[in-house]
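Student: I would like to learn how to read a model of several chains. Could we go through it slowly, one feature at a time?

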Amino acid sequence: MTDIQTPQSAKWWKKTDVKRVFLLWIILTAVIGYVGSEVQARSMGAPASEVMASVISLIRIFTWAAAPVAALVAALAITALMEKRHYGDNPPPDALHQVHTSPRVNGLWMAASTVLCLFALIVGLIVLQKDSASLLDAKAMNVNVTGQQWVWNFDYVESNGVRSADLYLPVNKPVVFHVSSKDVKHSFWVVQMGIKIDANPGYVTETAVTPNKIGVFDVRCAELCGLLHAYMQTKVHVVSQADYETWLKSTAVTQGAIS
Amino acid sequence: MTTMMERSASAPGHSAKRKPLIERLNIVTALALGTVSAVVVWQLALKFMPDNADTAFFFNREDKISLLSLIAWFIGFMVGIGALIGPFRWLLGKDLNHDENMFYAGKDQGIKRYFRYTTDHKVVGIQYLVVTIIIFFVGGVLAMLIRTNLGHAQGGWIQPQTYNAIVGWHGIIMIVATIIMITGPFGNFVMPIMIGARDMAFPRLNALSFWLIVAAIPPVFISFFTGGITTGWSAYNPLASQAGLGMNGYIAFICIFALSTMVAGANITTTVIRMRAKGMTWNRTPIFIYGVVASVALALPAFPVFFLSQIMSGLDRAFATSFYNTTGGGSGWLYENLFWIMGHPEVYVILIPAVAALMEMAPVFTRAPLFSFNIAVMGIGGICGLSILVWAHHMYISGWAPLLSAPFMITTELISIPTGMLFLVLIGTIWRGNLWMTMPLMSIFALLWNFMIGGITGIYLSDVPADAFLHGSMYVTAHFHYTLMGAGLTGALASLVFWFPKMTGRMFDKKLSWVAFWLVQIGFNVAFMGMFLVGLAGQPRRVESYAAMFSRGNLITTIGAYTIMAGMLVLLHGVIISWRSGIKAPMNPWQSKTLEWTVPNPVPLENFDVLPIVTGDPYHYGKAQS
Amino acid sequence: MNKRFFAALGTVILGAAVIAGIGTYVASAKNDSRVLAATAAGTMDTPQGNLPHYTLDISVYPDAMFGGHGTGGGHPDWVSYGPVTNFTVPAHSAITITVANYDGGETLNNDFFGKIRGTIGGTATLNGETISSVAPDHVGHTFTVHGIAGEQSELFFSVPMKAVAEEDMPEEGYTKTPNVTVFTVITGDEGEYVWNCEYPCGDGTIAKFGNAMSSMGYMSGHFNVVKA
């Protein structure tokens, strides 16, 4: 196995396999980062709230932050696989120039993973802080959300007992959802707005969002809740303030509270 | 063996001279006694159990009856297999003599010892292997039913409650299979030889841990025909309280399985701490041993909590207590906490031995020393330590404790550091190695690929705002399949091929192992990439039917799943063919340096004539230093 | 070589056949696979113009001993809709549904379902009298249709069935005077929907939504909108 001998005197970064790893690393980082973030962001569709927009950018940031790590492992693995392969029923000779350990590599690896970990934490905590603050918005409208096997219903707190099975929201108005359940656990997920909170029997949980796009979006139950869990879904209609008022008035007539 | 027929089967153990009962007990008497006890208790309970009081809020008479019958099954089975003979004899003050112990160890019994309460760790290892394969087969069939039903957008091929039951059954059966898939077969068969011991520290507990699993399986099968586990494997309350009688099968199953895990955990931990060969210091102990011990030691605190959570669930159902029922003062959040205090360590119980097994194989198939042994140990230890502090990341959006989201996010993301260490060790070992192109070696590459994807998506999920979008979606399902199957099962399949020659005396058919490997890995990545996409697009988990917009992704997943099925069946074929008529294996076909390859095939009853003395670490391939 | 290849292929085919067999068995285990299609009844003037008109006649009984179930459903004592529990109705049509309720009842978990929702005008007729709600403590069952959010048209309606008064419930057999509720809904595009009852009539367990409430073919079923 003399063919794999490289002169001991050569600097480590001048070895061909190291150069190959470096090249592959650059290419793969770009490919993994771009493909990973684009495919995921496109699958998530257009955001209908700032919360969702920040989820999408978080996933983009994390993908780009993880890309160099994944690319490095891939580059090393591919290079190792390209260099010396041995087929047959008997083992190849022992590898030459093996190291048991390398304090420099170990230290660098741990430092890099710690930095990346802290980076992910800080980015996440900033967004979390922003999302939590929106719960305290005093100007927000309130909607009580009730999950019951296997239908959602919505109670518009400031609107004299108007209730509906599909959600209507005025655009650009902060809304706080107070979520509860009549029976088992459900999970209230407004998909395109990127918010989700469980509906627990006997407790009220809260989540908040400001829809910023007029359109029709999906509410899905995200916690297995029994027989018709798959069908525990409804729509959110985000409309202009004027349309919302109109809808409230017409609904108050036909679907108001039971006196 | 049949001379003592006049003795009553219910009076175990008298004088050892009169051919004791232990020779007549086997799986047949166990199944018979278990079934008879269950039926008798069932009928008696039907007859004598008082009706529900009119005031009873819950409909619990049937739950009481079915739980009682399952307990009777369990006790009957364990008595029938002979688990109580030892303790009973000890109580009488007539402990087992040498001949009886040798009988227990399965001396000169041929195939029959696999159907008895045999204490030899090699028998237990083979028993575990066969049972694991059977469980995987059942779980795989269920997976195919799920994927077939989800092949197109319109539900209704399987009706919803059956579908939910299949999802729950697939989940729990696969979780159990993956928990035992490495520590069961290989932890039992290989580990004691690898550390240079003659057997486990507590051979009878070893047999007990295996037969407890066998006793646990019928309840979960029966549950499918009595309403099913319609709650998913997590069996969240109060949904579990609302579900049909099948839930009682789940409760019994988990309780018995948790017992088995606790027993096995205590046994394996003790064995490794106390029984390593002379000279095998912790620095010379193979990394696979670290993986196995870490796995079972992690299970030791985790599974009693699971046990307890199910006892409370059973009480809620059968006695109308209200641990988890809000209207009675309980809380579903209590269940979630208990469940995930078990549930998160549990995923590392599955993962760590798989990675450790591949770390064990990496030096063998690259002919290079393991890179940074200390980092590997630290990685395993770090994951173990952190994994008990992260459970509530499964509850970010449950509303239970919004203020704890940030702390749990921190502990969860910190796990990426020790996990990264495992990557470093594997990649460092492969780097500039002489790669011996075998299925176990390729499994290392597959693990790096799959676990990288599983790990990175795990970071997205650990982030609270991103989790608020992703939680409960197919994205999560794809993520944990990448870790448990893409990483965990890949390690287990590599272990199977790697240790097959020692366990069966024959080589695993090489061609079949390659075909199976590629079919499984390609199918796997196709299947779960498709699942990531539908998850991101907003498809919830555990749905029987979905909107047409998810059709394409689901079809991709189903096609991938069928490819996995083909690969798994090829692998099963390989196991059967190779075991029956494979090439006879030499003592050390891989030229490995660990101790299990120093004993002949088949491995003699007590492994070593003379216990080995260890003088170095098992990874001194190639030049020592450069 | 060839022999080995075919042996492996044989195992794969055998395995696939086993799975197909189990799948067929599991898929055939349905409580109620029969489907009732709505009957054509000319056209009808609705707020959305003149639409094809169809009718659907169903009943709800305190046990499953009638209609298609008989004793065959495995749970003769469970409350059940009938004569079948799967319906198909044409798209873009007015569907008049008549429900005869033979069962008693008590209080809803959620008075949201005491209100008639999603029908034309938000009303129904109960024994000939127009109503827009039933008192939440006099509801026997509800007929609530909903479906998956996505591309398919939204279809939601929920109609409470007034309970038969306790004094009118005979010891044996069914009451001679069921409460008959008639309402009309307008369907959109074709799509897959389900219906279930929102009155807690499943006995026993949490929220009384177990048993009959948690099994297709009793208090829930499919409600598919198909091409006219």
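**Reading the model**

Tutor: In chain A, 9 residues of domain 1 are in contact with 15 residues of domain 2, where contact means that the C-beta atoms of two residues, placed from the backbone, lie within 7 Å. This is a predicted model, in which local features need pLDDT of at least 70 and side-chain atom pairs count only at pLDDT 80 or more, while totals for chains, interfaces and linings use all residues. Residues are numbered from 1 along each chain as its sequence is written, and chains are lettered from A and ligands numbered from 1 in the order in which they are written.

Student: Into which domains is chain A divided?

Tutor: The bounds come from an automatic or database domain assignment. Domain 1 of chain A covers 13-84 + 104-134, and domain 2 covers 137-255; their C-alpha centres lie 35 Å apart.

Student: How many residues does the contact take from chain C and from chain A?

Tutor: The size of an interface is often given as the accessible area lost when the parts come together, but here we can count residues. The contact takes 26 residues from chain C and 26 residues from chain A. On the side of chain C that touches chain A, the elements giving two or more residues are β9 (139-147) and β12 (191-196) of chain C, and β9(C) gives the most, with 3 residues. Strands such as these are DSSP runs (E, at least two residues), numbered from the N terminus, while helices are runs of H or I with at least four residues.

Student: In what order do the strands of the open sheet in chain C come?

Tutor: Strands of a sheet pair through backbone hydrogen bonds, either parallel or antiparallel; here two strands count as paired if DSSP finds at least two bridges between them. In chain C, 6 strands form an open sheet in the order β1-β5-β13-β12-β9-β10, with mixed pairing. At the edges stand β1 (35-37) and β10 (157-162) of chain C, each with a single partner strand, so one side of each is left without a neighbour in the sheet. The strands β9(C) and β10(C) run antiparallel and are joined by 6 bridges, and C:T142 stands opposite C:P160 in β10(C).

Student: Where in chain B is confidence lowest, and where is it highest?

Tutor: The predictor's confidence in each residue is its pLDDT, from 0 to 100. Chain B averages 90, and 95% of the residues score at least 70. In chain B, confidence is lowest in helix α4 (residues 98-104), at a mean of 85, and highest in helix α18 (residues 474-504), at 96. Over residues 1-16 of chain B, however, pLDDT stays under 50.
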